[in-house]
Amino acid sequence: LALKIANVNWQPKLNKAAHHTSDYSSTEAIFRRGQAFNITVNLQRPVQCGGNFTFIASTGPSPSESQQTKAVFNLFEESASGWSATQEPSKPGSMNFTISSPANAVIGRYKLRLQTVSRNKVSSTLLGQFVLLFNPWCTNDDVYMANEKERWEYVLNDSGIIFQGLEKYIQPEAWNYGQFEEDILDISLAILDRSLNHRQDPAVDVSNRNNPIYVCRVISAMVNSNDEKGVVEGKWNGNYCSGTNPLQWSGSVTILQKWYRKRYKPVRYGQCWVFAGVMCTVLRSLGIPTRVITNFNSAHDTNINLSIDKYIDMSGKTLHLTEDSVWNFHVWNESWFTRGDLGSFYDGWQVLDATPQERSKGMYQCGPASTRAIKEGDVNLDYDSSFVFAAVNADYVTWIHYSKKRKERIYSDTRKIGKFISTKAVGTNSRVDVTANYKYPEGSFKERRVYKKALKLLGVRSTGRRSKVTRRRRRQSSATWRQSMTQPAQKPSISGKLILDASPVIGKDILLTLALRNLISDFKTIKVKLRASAILYTRKPKAEILQLSRSIKLGSEEVKEISFKITYSQYKNSLMDDRKILVTAVCETKQGASLLVEKDIVLQDPFLTIKVLGSTVVHKAVSVQVTFTNPLSEVVTDCVLRAEGSGLLKEQLRINVARMAPMESSTVQFEIIPYKSGTRQLQVDLVCVHFSDIKGFVMLDVAPA
């Protein structure tokens with residue numbers, strides 16, 4: 001008799017617990033590869049089963065056994081594909097099967113069919129669909145991670161911290177990854193299906209999805225919109241009126257859902273932490289252990305000659321004579337997997353960067369680059385290890401540009417780039433410094449040896465010039481380095497330091513002191529040109545705030561101080577949302593020696609306090625009280641308080657704050673009804689046109705109902 005199936009029970013409770021997929025907001029069966037799952041087939045009428053069953057698991061638009069996108073396997077037989085099925089004891093009228101996939105199976109959405117033979121007649125029944133993910137719990141999976149606490153943090157934790165600010169003022173910013181929220185897994189799979197690779201050859205693309213190296217590289221290209229109408233459009237010029245200011249995002253869920261629901265139209269706008277936050281969400285949802293990394297003083301070395309050249313004029317104004325730059329910070333990702341293409345030495349954390357900075361093999365994608373390769377200077381290895389090596393190791397050279405024919409190298413710093421490389425700690429919100437994963441201690445014999453090895457592999461002479469033409473070569477950089485060899489930097493005869501007299505707070509004047517010291521016994525007259533500019537976090541100047549000139553006389557080894565201030569009225573209309581100001585002092589003696597002193601300032605926001613008025617329990621309403629202060633000495637109107645958090649609020653909450661008097665404190669109360677237990681992150685953000693966002697967050701332990 002032909003098998004007549006009433007329904008299929010995918011054993012959701014049992015399988016979700018075994019496969020660590022309970023958190024996904026989906027009714028679909030979600031399994032991890034390399035691990036067995038159980039299904040029960042309920043029949044319309046009991047039959048005597050002879051065990052002549054064949055299962056067919058298939059994925060992609062044109063499944064094929066040769067491309068590992070289709071597996072045909074008989075009951076109780078190990079197939080060449082690595083898939084297998086066994087039958088377990090069951091009640092009359094039903095059949096229990098245990099099905100196992102191999103640890104190197106293609107990930108994605110599968111169809112499962114059951115084929116039976118009765119009286120030489122073959123009948124095939126669709127049992128249903130399931131999604132197969134990478135499996136960090138499986139020892140044979142390329143993404144296997146041995147430590148349970150790390151698996152929880154890098155795969156299952158749906159909130160986190162992204163570090164921003166300056167090397168001397170590191171700020172933790174909350175981010176809602178929300179990889180288990182509604183539609184996010186579907187969106188992650190749709191991202192793969194929208195890629196250029198998939199459009200060019202769907203069958204080959206899907207067959208490569210067993211490999212985390214391939215999947216991560218595709219995602220790094222798709223999270224930015226530069227080549228493929230990907231998820232996020234980048235913008236760094238300070239004008240975001242045709243989209244959302246990148247600083248106003250506080251999580252990935254809204255961005256991904258917007259891209260999906262607007263039929264794959266890139267979401268405006270993102271900057272590096274947005275690209276990294278979204279990429280972390282997508283890769284965690286697919287089962288690849290992933291974290292977010294911040295590199296302070298991050299080099300963008302466009303021609304990969306391991307030198308970042310900065311030009312200023314005699315007044316300290318930055319001149320754009322090169323495409324090289326140093327960002328206050330840059331954010332990228334690391335994912336954890338083996339490197340079968342490079343060898344086991346390079347297994348472990350791999351750098352991925354979805355921020356569109358340079359093309360790699362014709363597209364805006366970056367990585368995976370092994371952190372071991374970066375630390376050892378193996379800059380010739382796939383993928384893009386030279387770009388990441390430069391981001392953490394390039395030398396920083398400052399020049400005063402007098403004319404087309406005359407410039408002076410005044411400073412060369414081998415230690416400025418790649419400081420305090422940071423990520424969130426496992427299990428807590430504290431910062432962990434991972435600089436030692438990227439390089440040996442600055443100035444050590446090993447660090448300089450690795451640097452020289454990288455120069456050699458890149459074909460860069462010790463002068464900084466490429467020994468052979470490459471596609472990224474810039475003539476400017478070569479001219480710069482010829483100059484540096486003919487005019488070595490003089491030993492300084494004066495030193496200086498810019499000191500903040502008090503913590504800089506938005507709405508208040510900024511008080512500064514320039515301390516100058518004569519390092520030699522000769523009497524000196526020094527011309528000082530002070531300049532303050534509003535900058536973006538990429539250190540690109542956007543508006544002039546202040547210019548001052550002073551003349552100062554220094555006796556033998558004397559120290560003198562110049563005090564000055566930048567008033568609120570001077571900076572209020574120039575300040576960008578980044579709240580960053582670059583102050584420079586160019587100091588020149590009659591003997592022609594020059595000194596440049598720089599200081600990056602971040603204006604601090606007033607604090608925002610969040611109080612939860614009661615215990616947090618699943619499905620039980622609880623009130624939240626938020627108190628904040630208008631930091632300005634003027635009335636502000638039309639502010640909006642926003643709140644979000646996975647497991648706490650199904651969608652972002654928005655509350656209008658009509659009017660706030662100067663320096664006035666205001667309190668807003670709202671209700672949340674948690675829908676998931678465990679540690680949850682509630683984020684609150686006060687958005688106002690008069691000043692940049694004031695953000696805060698609180699961690700809540702939500703008890704089960």
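Student: Which strand does S33 pair with through five bridges?
Tutor: That's S36, residues 678–687, and the two strands run antiparallel. Keep in mind that this is a predicted model.
Student: How many bridges join S33 to S34?
Tutor: Seven, and this pairing is antiparallel too, with S34 covering residues 653–660. Within S34, Asn656 is the bridge partner of Val640.
Student: Why would you call S33 largely enclosed?
Tutor: Seven of its nine residues, in the run 636–644, are buried, so the rest of the structure largely encloses S33.
Student: Switching to helix H6, how many of its residues are buried?
Tutor: Eleven of the eleven, across residues 212–222, so H6 is largely enclosed by the rest of the structure. Among those buried residues are Arg217, Tyr214 and Cys216.
Student: Nice. What caps the N-terminal end of H6?
Tutor: Asn211 does: one of its side-chain oxygens sits 2.9 Å from the backbone nitrogen of Ile213.
Student: Last topic, S10. Is that strand mostly covered or mostly open?
Tutor: Mostly covered: eight of the eight residues in S10, 159–166, are buried.
Student: And how is S10 joined to S11?
Tutor: By a hairpin, through two residues. Eight bridges also link S10 with S11, residues 169–176, in an antiparallel arrangement.
Student: Which residue in S11 stands opposite Ile162?
Tutor: Glu173 is the one facing Ile162.

Notes: Residues numbered from 1 in each chain as written. Predicted model: local features only at pLDDT ≥ 70, side-chain atom pairs only at ≥ 80, totals over all residues. Heavy atoms only, no water. Buried < 20%, exposed > 50% of the residue type's maximum accessible area, 1.4 Å probe, protein only. Helix = DSSP H or I, 4+ residues; strand = E, 2+ residues; numbered from the N terminus. Pairing = 2+ DSSP bridges. Polar contact = N/O pair within 3.5 Å; in protein donor to acceptor, adjacent residues only side chain to side chain.
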